[in-house]
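Hello,

Here is the structure I promised to pass on. Please have it open while you read, as my notes follow below.

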Amino acid sequence: MATASSWVAKILNPKSNPLAAMHMKAISTRLRKYGLRYDDLYDPLEDMDIKEALRRLPPEVVDARNQRLLRAMDLSMKHQYLPEHLQAQQTPFRSYLKDMLALVKRERAEREALGALPLYQRTLP
């Protein structure tokens, strides 16, 4: 009997599920049109772990992310897409945030398990 997590992983795996492959291709196409990566879609205002992971990344990586976001907003406002030759160079599923985000989540879970105070809390202005 398969566990629920292995069942979900099998459904979401584009190698074993043709619908997941089609979805991944559609997402890839949309991200390439604006020159974005999938990790650029994470919002640091929505999740404090993402904000902390971005803070820990090297400045060059964060600057590249900000530049991609600015370029995408500019293209969107102009109702344009990247030229075809630049779209071919894009790598939308090359992750730069996943490892650091996993580390931050593990640290937060460990602190909670030990009963320590959280490193960061959301406050209303």
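Is Trp7 buried or exposed? Trp7 is exposed, with a relative accessible area of 55%; here buried means under 20% relative accessible area, exposed over 50%, and partly exposed in between (1.4 Å probe, protein chains only). Trp7 sits in helix H1, residues 4–12. Helices (H or I, at least four residues) are DSSP runs, numbered from the N terminus. Between the C-alpha atoms of Trp7 and Ala20, which are 13 residues apart along the chain, the separation is 14 Å.

Before going further, a word on the basis: this is a predicted model, in which local features need pLDDT of at least 70 and side-chain atom pairs count only at pLDDT 80 or more, while totals for chains, interfaces and linings use all residues. Residues are numbered from 1 along each chain as its sequence is written, and side-chain values use heavy atoms, with hydrogens and water left out.

Now to the charged pairs. How many salt bridges does the structure hold? There are 9 salt bridges, each being a side-chain nitrogen of Lys or Arg within 4 Å of a carboxyl oxygen of Asp or Glu. One of them joins the side chains of Arg68 and Asp40 at 2.7 Å, N to O. Arg68 belongs to helix H4 (residues 59–77) and Asp40 to the loop between helix H2 (18–34) and helix H3 (48–56), so this pair ties together parts that are 28 residues apart in sequence. Arg68 counts as buried at 11% relative accessibility, and Asp40 counts as buried at 3%.

Another salt bridge links Arg108 with Asp49 (2.8 Å, N to O). Because Arg108 lies in helix H6 (residues 98–114) and Asp49 in helix H3, the pair ties together parts that are 59 residues apart in sequence. Arg108 is partly exposed at 32% relative accessible area, whereas Asp49 is buried at 2%.

Arg56 is partly exposed at 26% relative accessibility, while Glu52 is buried at 11%. Salt bridges that share partners also join Asp47, Asp49, Lys105, Arg108 and Glu112 into one network.

Arg37 is found in the loop between H2 and H3. Which side chain of opposite charge is nearest to Arg37? That is Asp40, 6.0 Å away, and Arg37 is buried yet has no salt bridge; Lys and Arg count as positive and Asp and Glu as negative, with His and the chain ends not counted. Leaving aside neighbours within four places in sequence, Arg37 is in contact (heavy atoms within 4.5 Å) with residues including Arg68, Thr91 and Tyr96.

Gln87, in helix H5, counts as buried at 12% relative accessibility. Not counting residues up to four places away in sequence, Gln87 touches Arg32, Lys33, Tyr81 and Leu82.

Finally, the surface. Met24, Tyr38, Leu41, Tyr42 and Phe93 form a nonpolar patch with about 450 Å² of accessible area together. Patches are made of residues with over 30% relative accessible area and no salt bridge, with like charges joined within 9 Å and nonpolar side chains (Val, Leu, Ile, Met, Phe, Trp, Tyr) within 5 Å; accessible areas come from the Shrake-Rupley method with a 1.4 Å probe, and for residues only the protein chains shown count as cover. Phe93, in the loop between helix H5 (84–87) and H6, is partly exposed at 37% relative accessible area.

Best wishes

Key. Helix = DSSP H or I, 4+ residues; strand = E, 2+ residues; numbered from the N terminus.
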